[in-house]
Amino acid sequence: MLIKLPSTSDSRESDVTPESLYLSRRALLGGSFAVGAMAALPPWANAADPSLYADVEPGKAPAWLADKLAATRWQAMTVKNEAITPYKDATHYNNFYEFGTDKGDPAKNAGSLKTEPWSVVIDGEVGKPGRYALEDFVKPHHLEERIYRLRCVEAWSMVIPWIGFPLADVLKQVEPTSKARYIRFETLQDPQSMPGQRSGFALIDWPYVEGLRLDEAMHPLTILAVGMYGRELPNQNGAPLRLVVPWKYGFKGVKSIVRISLVSEQPSTTWQSIAASEYGFYANVNPQVDHPRWSQARERRLPSGLFSPNVRQTEMFNGYAEEVASLYAGMDLRKDY
């Protein structure tokens with residue numbers, strides 16, 4: 001049986017999905033996040049809910065990923081009483097500046113990205129560095145569906161069903177040395193297929209770089225995603241491999257990863273180097289620490305419109321405080337934002 005544990009990850013009563021929508025999805029959204037319950041999933045969790053993905057565009061997963069998707073542990077982690085963001089919104093409202101600065105540019109321009117073949121370099125303070133073909137990189141890992149809240153620093157949010165595996169599993173295999181304290185991630189740099197990299201948007205010194213502290217990277221909520229909505233990642237969402245850290249602002253979720261480096265010093269990240277006062281290294285969702293140009297106390301949950309705004313209170317650590325607050329014990333979260 002699935003043991004359901006109440007958690008601060010659960011939404012408040014005011015966030016409950018309308019009854020008609022809830023009843024059609026209750027088989028999916030009946031649980032709250034509980035790591036200890038993952039091994040005791042009910043029978044329905046062994047297959048994707050076809051009604052949930054009825055409006056999802058068919059994908060073109062490579063053969064190696066199609067085989068992995070067939071064995072995916074569906075709904076391994078969920079959020080309680082929150083509707084999943086429609087697929088069209090999640091794939092057509094994106095920040096991926098490699099393909100343009102407007103929200104619709106990634107969906108319009110990312111078709112030029114070639115994701116096969118793809119390789120990932122693991123280097124730095126590890127015992128087993130190397131360049132790995134993506135299919136070999138993913139092969140040892142069992143895929144899970146993780147339904148997470150996504151909160152953008154721009155004060156909009158979504159609920160996304162990612163498919164991936166814990167980053168910790170990769171890190172354990174490559175054997176970090178005693179000097180490894182941080183992880184540095186690097187996105188593909190390919191101006192031919194990424195028009196934003198050859199545009200006049202010169203603020204970014206490509207490639208895009210992000211980073212985590214080692215203990216953040218090893219946390220069980222942190223995953224490398226290879227799919228979403230029951231299929232492989234669309235190009236505009238970071239295909240074929242992206243980082244998902246649900247308690248942090250979305251810009252930490254580096255897309256189209258080609259390099260993962262374990263390092264001893266805190267890496268200089270892209271947005272921190274551009275505007276450190278606006279985009280800190282930690283980037284934890286915190287309603288008490290405003291962006292210099294807007295409040296972070298509230299967020300706009302997509303879909304949302306002028307005449308039907310869907311605005312809610314922002315939750316500390318994006319609703320995952322119970323799971324991750326201990327990582328920051330003793331830190332001044334206004335200083336280490």
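Is Lys 252 buried or exposed? Select Lys 252: the residue is buried, at a relative accessible area of 1%. Here buried stands for under 20% relative accessible area, exposed for over 50%, and partly exposed for in between, with a 1.4 Å probe and protein chains only.

Two ground rules before moving on. This is a predicted model, where local features need pLDDT of at least 70 and side-chain atom pairs count only at pLDDT 80 or more, while totals for chains, interfaces and linings use all residues. Residues are numbered from 1 along each chain as its sequence is written, and side-chain values use heavy atoms, with hydrogens and water left out.

**Salt bridges**

For the terms: a salt bridge is a side-chain nitrogen of Lys or Arg within 4 Å of a carboxyl oxygen of Asp or Glu, and helices (H or I, at least four residues) and strands (E, at least two) are DSSP runs numbered from the N terminus.

Next, pick Lys 128 and Glu 175, a salt bridge whose closest N and O atoms are 3.5 Å apart. Lys 128 is in the loop between β2 (119–124) and β3 (130–133), and Glu 175 in the loop between α6 (167–174) and β6 (182–187), so the pair links parts 47 residues apart in sequence. Lys 128 is partly exposed at 41% relative accessible area, and Glu 175 is partly exposed at 39%.

Now try Glu 278 with Arg 293, another salt bridge, its closest N and O atoms 2.6 Å apart. Arg 293 counts as exposed, at 54% relative accessibility. Then select Glu 82, Arg 149, Arg 151, Glu 299, Arg 301, Arg 312 and Glu 315 together: salt bridges with shared partners join them into one network. The whole structure has 18 salt bridges.

**Strands β1 and β4**

Colour β1 (residues 73–77): 4 of its 5 residues are buried, so the strand is largely enclosed by the rest of the structure. It runs parallel to β4 (residues 144–151), with 2 bridges joining them; strands pair if DSSP finds at least two bridges between them. Met 77 has Arg 146 of β4 as its bridge partner. From Arg 146, step to Glu 144: a polar contact of 2.8 Å joins their side chains. (That term covers a pair of N or O atoms within 3.5 Å; within protein, one must be able to donate a hydrogen and the other to accept it, and residues adjacent in sequence count only if both atoms are side-chain atoms.) Glu 144 is buried, at 8% relative accessible area.

Select Leu 167, Ala 168, Val 170, Leu 171 and Val 174, the buried residues of α6. They span an arc of only 160° around the axis, which puts them on the same side of α6; the arc is taken over directions from the helix axis to the C-beta atoms.

Last stop: Leu 224. Apart from neighbours within four places in sequence, its contacts (heavy atoms within 4.5 Å) include Phe 137, Leu 167 and Val 170. Phe 137 and Leu 224 have the most contacts inside the largest nonpolar core, which has 86 residues. Strand β5 (residues 156–166) gives the largest share of this core, 7 residues. A nonpolar core is a set of buried Ala, Val, Leu, Ile, Met, Phe, Trp, Tyr and Cys residues joined through side-chain atoms within 4.5 Å.
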